[in-house]
Amino acid sequence: MSLPTHQSLEPRHTVAVVGAGAAGTLVAIHLCEAAHRRGSRLEILLVDPTGAPGTGTAYATRDPRHRLNVPAGGMSCYPDDGTHFVRWLVRHANTRSTAADFVPRGLFGSYLADTLVDASARARPSVAVRHVAAAVADIRRQGGRMALVLADGTELGADSCVLATGPLRSRQGWAPPELRRSPQFVPDPWAPDALTRLLAADGDILLVGSGLTAVDVALTLDRPGRTIHAVSRGGELPRPHAVAPLAPLPPDGPLLGLPLADLRRAVHRHVGRTIRAHGDWRPAVDGLRPLTAQLWSGLSDADRAEFLARDHSRWNTLRHRMSPATAESLQRLRDAGRFVPATGRVEAVRPLPDGAEGADRRPGLVVALNGGRTLRVRWVVDCTGPATDPARSADPLHTGLLDSGLARTGPMRIGYATDPDGRLLGAGDTTPAPLWTLGAHRRGELWESTAVPEIRVQAARLAGALLDGVTPRTRPAARRPTDQLGLPLSTHPEAATAYCTALEDLMAVRAGSEEALRQAVELDPGFALAHAALAALGHEGGAHVDVPRALADARTAVRERGDERERSMVEVVAQRILGAGGDAALLRHLTDHPRDVLALGMAVPTIAFSGVADLQEDAYQLVERTAPDHDGHWFHTSLLAFIRQEQNDFAAADRLARRALAAEPAAGHAAHALTHVYYEQGDHREGLRWLDAWIDRHGQGTAHHAHFSWHAGLHELALDDAAAVRRRWHSQLSPSRVHGIRALVDSASLLWRARLADRWPGATPIEAVLDSIGQETLEQPGSAFVALHSAVALAAAGDLVGLHRLHRHAAWHSDPVQSEVIAPLCDAMSAAVEERWGEAADTLTALRPLARRVGGSAAQREVVEETLLRALTASGRYADAELLLRERLDRRPSALDLRRAQQLRAGVPTA
């Protein structure tokens, strides 16, 4: 496959983005990302008079009372990576940030700027981003290119242009001439220093408008002794978000194509049913959001006009809400009489004569409202919001675009007319210029087009469409490189070689797979399978990967360039990470693509992956059915060996593992299977001897050396050799040797088991282990398998707060295994920490048969049984403890369990 390279000498395509607020910055970010994936040579000019990209009107504020009106979980720059902003907050603002937080708006501006810096750094040297600190007065067509006329008269040439100036500045047509001329009138509260005088002076204030802008201005200008009035035609304030929001509820009947009268009735029924069922209208309104653009486009012009006249204001108050904290602050002002909203409109204004307001001779205004009411205030602030018709904008740039025919107004004279990708449609039948727009300028076409969740999707689509004319989307060539088993790869040979090296390392459990995959995506940033494999390794194998970012890159790349197998594999990884039916998706994928070794390794609980849990027997049968497709390959034979030992067919497992090791002595999965055979049969001395010998010969280069050391420690623990366990831990499993998820799954687990067995005298060094793992992994693990070991580690540290946070994370997780197994396990572990052993025993008894649902091997899940044994003994339930020990000894010999059973029978209960 021929892909553009960074070393190409082709000239750069120049894109001028007019406006560097949220919309413009999002366009620049997605242009960087798309150009990087495709290898396009691009120069991006961010043209804006402000000092830094990302802030714009909305996010330049530094007032902490100005909060986002969308929770942080909805404010990511990337449609495919919903937690990107939350992760940034955790790193840069507050380690306790969650997706439900409504954070100060200024933080989002900083996030946009940081994300652009990161995106442009990744895209270098093929992409260059430059900020031009200037205002654009006009945009002209110049042949096949665009010319931007700057405020100082100079011109800037570009191959393409994106109009991202945000909402249109209003001409304040509602304001009487006397008011517009008054120095006590603030026409734009978001202009630099617009409110400085009002903050420094006394006097009451009138806000014209009662939307989100009025709310923010009121909070900023509030002070004791001042009354802030707010008048609007509807008189309604934005509604608050719920403190504990419910999930969106889509309508249960068809709405598309209905005329407005029928649509209005259907929406009222939908809202009413939702209130009756859930006690809240918000899920109903939120459930309409995905349909809003289609509903708007399906209305006739007459229905749209009626909606604007009758329903628009009400919709805005319900749809565009305040954060709960903002609503609470505003209510306090209302209760104190310092904020007074009302219905009304301004009809006339006259200045008060000097001295009329008191001895300090403060100037003031008498504002006459409809209905004969008057207000005496010192200041009037326009909070009515932006203009919607470009022809009525106060900015000559927009009227110039219409006058030149480069653009025409959108439906109902709202915004601009565009094609589905955001390209501006000119007057008449002229060929559209290379001029795009997004956000508020597309509101006439889409209606919902002013919030980040919509704008980021538009930015990504616009970037792809714009680059289609620069570097066409690369399609899989007829002759593509293949992996080891002949499956084609949608990349070029160099990246394919790196990917195949990673697969070889994964199959052999050698170190290096993560580095090889990183090399593959560096060679080809649009190589979806390499991104997906990195995401899977980070999620399940403990690799140092930004998992959501890698997954988002995979999903974006596979849409641009990927065949059916690659799309299926990316979706498998996505569903496993997101906890949404990943097991079933993986099995379907393997049914269609039995030679996919990455998927095959994920299906079996190997060292790198936790395997299929809910459909384990189906997975095992599928692996067996794929044997003919692999023709005795040592990797497939290794997986069969592991399956056989899980099925307690130890003779077959032994035979298969040794066959694989004969073909590839360093085959880590075969060695792992044979280690389990020794352990499950109770052949601990021979198993320990064999394992130490294999580690010495082949295990030093394995990616999961710690796991083999953990197995050796289990043998030593079963032999009741406390000194050997301590030596093993300090030499091979201490934080100086192991970190990350392997420290959690192997090091912490062995410490807990040794402590439960009373084979670790004194305090365990668990705190050092936890320090090497990271709080996010411990308290917000992505998979149930990791969550099981997080609960164990937190219990070992006696961290009740951490167990509570893990319980909360699991209880609300989309994966039912987390909510149904991990959440009650946290309760049991908390009870054990507080020595409420009876409660712990009851809960663990119920959980024991469910533990296999978390995945992993029987030996790993045995930690639940070990904890139950301790709880039974400590709570005085000796008969139950003896019965459990008898079951274990019937399953396999163990010097440790034999000692425990003898002590129980002798009436000396110990650990």
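This report describes a five-stranded sheet, the helix packed on it, and the setting of Ser232. The model is predicted.

**The sheet**

Five strands make up an open sheet with parallel pairing, and their order is S3-S2-S1-S7-S16. Strands S3 and S16 stand at the edges; each has a single partner strand, so one side of each lacks a neighbour in the sheet. From one strand to the next, the twist averages 20°. Within this arrangement, strand S1 runs parallel to strand S7, and four bridges join the two. Val15 stands opposite Ser160 in S7.

Helix H16 packs on the sheet, where H16 touches S1, S2, S7 and S16. The direction of H16 makes about 170° with that of S16.

| Element | Residues |
|---|---|
| Strand S1 | residues 13-18 |
| Strand S2 | residues 42-47 |
| Strand S3 | residues 127-132 |
| Strand S7 | residues 160-163 |
| Strand S16 | residues 435-437 |
| Helix H16 | residues 452-468 |

**Ser232**

Ser232 lies in strand S10, which spans residues 228-232. Its relative accessibility is 13%, and Ser232 therefore counts as buried, the cut-off being under 20%. The side chain of Ser232 makes a polar contact with the side chain of Ser210 at 2.7 Å. When neighbours within four places in sequence are left aside, Ser232 is in contact with Gly209, Ser210, Ala342, Thr343 and Gly344.

Key
Residues numbered from 1 in each chain as written. Predicted model: local features only at pLDDT ≥ 70, side-chain atom pairs only at ≥ 80, totals over all residues. Heavy atoms only, no water. Buried < 20%, exposed > 50% of the residue type's maximum accessible area, 1.4 Å probe, protein only. Polar contact = N/O pair within 3.5 Å; in protein donor to acceptor, adjacent residues only side chain to side chain. Contact = heavy atoms within 4.5 Å. Pairing = 2+ DSSP bridges. Axes fitted to C-alpha atoms, helices over the stretch in contact; angles between N-to-C directions.
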